[in-house]
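Trainee: I am new to this structure. Please take one part, the nonpolar core and its aromatic rings, and go through it closely.

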Amino acid sequence: MTTQILHARLKAHPDSHTVERSLATGGYTALRRALQEMSPQKVMEEVKASGILGRGGADFGTGMKWESIPAGSFPRYVVVNADEGEPGTFKDRELIERDPHQLIEGIALTCFAVDAEKAFIYCRGEFRLGHARLAQAIAEATERGFLGRDILGSGRNIEIVLHRGAGAYVCGEETALLSSLEGYRGEPRLRPPHPTVAGLYAKPTVVNNVETLSNVPWIVNNGGAAYAALGTERSKGNRIFSLSGCVNRPGNYEVELGTPFRDLIYNHGGGIRDGNDIKFFVPGGGSAPWYGPDRLDLPLDMAEVKANGSMLGSGAVMVADSEVCAVRSALNLVRFFDHESCGQCTPCREGCGWMTQILTRIEEGTGRAVDLDLLLDVSDNIAPQWRWGQWPYLMTTICYVGPSASVAAVSAVTMFREEFEQHVTERGCPLRREHARAQ
Amino acid sequence: MPLLWLAQEEDGWVTPDAMREIGDILGVTPAEVLGTGSFYTMYKREPVGRHLISVCRGLPCMWRGSEELVDHLFGALGIGPGQTTDDGVFALEEMECAAACGGAPCLQVNYLYGENMTTDLVDEMLSDLRVGRHPWMLQDGLPVGDHPGKAMA
C-alpha cells in the first residue's frame with residue numbers, strides 16, 4: 001500500500017471534513033510551522049524541491065510557477081481551479097467534499113509563499129455539497145485564526161473568496177476561468193501574457209489545481225525531499241487516479257507515480273466486468289489519446305505516457321471493455337467538446353459540430369464510405385497533421401477543447417478503422433444489434 | 001455571476017426583469033448580462049420544475065447504462081431532456097460529466113448526487129420526490145431546496 005498523502009484523513013475517518021477531525025489529525029500544523037519557523041522563500045524552496053508537477057493536466061512545475069511571479073508587483077492573487085469537469089475525473093470533488101481543510105491549509109501556505117493576501121476558489125457550479133463544505137470550512141478556519149487578518153499572530157492577512165461556477169467545462173482552462181471569475185463569458189485568452197504575469201484583473205496570479213495544493217501541507221511538514229523520494233525520476237510523488245468505466249471497482253486511488261496501468265486497473269480496480277478483455281482505455285481524461293491493451297504495462301508517469309503518444313492529463317483512467325462501441329464512444333466525447341466549445345475559434349466551433357454530425361450518421365447507419373476520411377480531414381483543421389501515437393499536437397485554436405475532439409476522433413478511427421467501416425457497410429452499429437439479439 | 005445566482009435563487013430562474021436589474025446595478029446593458037448568463041448552462045432562462053433531474057451523459061456513465069436511465073425517466077415522467085412536467089414538479093436534463101464516474105451511472109437532483117443508479121433506484125427516487133422527500137439531501141445534512149435555484153442554500 002502506497003503512503004497516503006492526500007487520502008490519509010478521508011480514508012480513515014468518515015467525518016474527515018470537519019474542523020475537529022482535521023485538527024485532531026495534524027491539520028494546520030504545516031501552516032503554524034511555516035508562519036513561526038519558515039520564510040516564504042523556504043516554503044517555496046521546499047515545494048520546488050518536491051518536484052511536484054501541477055495535477056490539473058498541464059504538468060507544469062508548481063514551484064516554478066510560483067517563482068515566475070514578477071518581484072514587487074502587487075496585489076497578486078492565488079486562484080484555485082476547482083472546476084473539475086474533464087470527462088472521467090472525480091478526484092478533486094472528493095478532496096473538496098471530504099477534506100476541505102487540507103485544501104484550505106494548502107491555499108494559505110501558497111498565499112504565504114507567494115506573498116498574496118487574497119485567494120479565490122473557483123468551484124464547479126454542480127458541486128453543491130462541495131460548495132457548502134468549502135463555505136463552512138472557510139468560516140471555521142477564519143474563526144480559528146487560520147484565515148483572516150493577522151493569521152496566528154503573524155501579521156499576515158489571507159482571505160479566501162469562494163466563487164461558484166455555473167456549468168461550463170471550458171472554465172477549467174485557466175485563462176477562461178479567469179475571464180469567468182471577472183464576470184465575463186468563460187472564453188480562454190491568448191498567452192502570453194501568462195497568468196503569473198497578468199492574470200486576474202491583469203495582476204500576477206497563480207492558478208493551481210485542488211489536488212496540487214492539497215499536497216502542500218504534507219510537503220511543508222515532511223520536506224520537499226521526502227516527497228521527491230516518491231515516484232519516478234521525472235514524475236515525483238503520488239497522484240490520485242480516477243479509475244472508471246468497465247472495471248469492477250471504479251473509484252479514486254492514490255498511488256505512487258510509476259505504478260503500472262495494469263496494477264491500477266487489475267489490482268486496485270479489481271479487473272474488468274464479467275472477466276471481459278480490455279478493448280481500449282483512455283489514460284488521462286477525455287482529452288487524452290486512447291491506448292490499446294498493449295500499453296497496460298506502461299508506468300503511470302507523465303513523461304513516459306507522453307513519450308508514448310498520450311498524456312496522463314487530469315489522472316482519469318477510463319477503461320472500455322469488449323462490449324463497448326468505439327464509434328459511439330468517440331461520438332460521446334466529440335459531442336461533449338462540441339457542446340462545451342466556447343465558440344471563439346472557428347476550427348473548434350464549426351469543426352466539433354461537423355465531426356459530431358459525421359459520427360452520428362456513422363453510428364446511426366447512414367454513414368458513407370467517404371465519411372472516415374472526411375472526419376480525419378475536419379480533425380486535421382483543428383489539430384493539423386496530428387497522428388495517433390504522436391504527442392503533443394499542433395493546434396489552430398487558443399485552447400485545448402477543439403484539439404481534444406480531434407484526439408478522440410483520430411484515436412478511434414486509427415485504432416478501430418474496421419469497426420467504423422463495418423458501421424458503414426452494415427448500416428448501423430454491429431454491437432447494438434448483437435445486444436438486441438441477445439436480449 | 002453571483003448576482004445571477006442570487007436572482008435564480010429568488011425566482012427559480014433568471015427572469016428578463018432580473019437581468020435588467022443586474023444590468024442597472026453593474027452599469028452594463030441587459031444584453032451584456034444575457035451574454036454572460038447564456039454562456040453557462042446552470043442559469044435557467046425559463047422556469048424549470050421543482051426537482052431538476054440531471055442525468056450524466058459522460059463517457060463512463062454511458063458505458064454503464066446512462067442511456068437506459070434517460071429512456072426510463074422518459075417513460076416514467078413523459079418528458080425528454082430539456083422539458084418540465086405539466087404540473088411543474090419534475091424537470092429532466094442531461095448534464096456533462098458530473099465528476100462522479102466512480103459511481104456511474106450517476107445523476108443529480110437539484111445538484112445533489114445519486115450514484116450507481118439503476119431503473120429500480122430511479123423509481124424509488126421518483127416516489128420519494130413525489131411525497132416531498134429528497135433521498136440524498138437529508139442524508140447530507142443539507143436543507144431541502146424547493147427549486148433548483150435554491151441550490152446555494
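Mentor: What follows is a walk through the core and its aromatic pairs. The model is a predicted one. Its largest nonpolar core has 98 residues, and Phe261(A) and Trp290(A) touch the most other members. Helix H15 (residues 326-340) of chain A gives the most to this core, namely eight residues. Apart from this core lies another, of 65 residues, which includes Tyr28(A) and Cys123(A).

Take Phe261(A) next. Beyond its neighbours within four places in sequence, Phe261(A) is in contact with residues including Phe281(A), Pro283(A), Tyr291(A), Leu300(A) and Val317(A). Both Phe261(A) and Tyr291(A) are buried.

Now the rings. Over all chains there are 18 aromatic pairs. One of them joins Tyr28(A) and Phe146(A), stacked with 3.9 Å centre to centre and 0 degrees between the planes. Tyr28(A) lies in the loop between helix H2 (19-24) and helix H3 (29-37) of chain A, and Phe146(A) in the loop between helix H8 (128-143) and strand E3 (159-164) of chain A, so the pair ties together parts 118 residues apart in sequence. Tyr28(A) counts as buried because its relative accessibility is 2%, under the 20% limit. Phe146(A), at 3% relative accessibility, is buried too.

The ring centres of Phe261(A) and Tyr291(A) are 6.2 Å apart with the planes at 85 degrees, so this pair is edge-to-face. Phe261(A) sits in helix H13 (residues 261-268) of chain A, and Tyr291(A) in the loop between strand E7 (278-282) and helix H14 (302-307) of chain A, 30 residues apart.

Finally, Trp290(A) belongs to an aromatic cluster with Phe280(A), Phe416(A) and Trp63(B).

Note on methods. Residues numbered from 1 in each chain as written. Chains lettered and ligands numbered in written order. Predicted model: local features only at pLDDT ≥ 70, side-chain atom pairs only at ≥ 80, totals over all residues. Heavy atoms only, no water. Core = buried A, V, L, I, M, F, W, Y, C linked by side-chain atoms within 4.5 Å. Buried < 20%, exposed > 50% of the residue type's maximum accessible area, 1.4 Å probe, protein only. Helix = DSSP H or I, 4+ residues; strand = E, 2+ residues; numbered from the N terminus. Contact = heavy atoms within 4.5 Å. Phe/Tyr/Trp six-rings, centres within 6.5 Å; stacked < 30°, edge-to-face > 60°.
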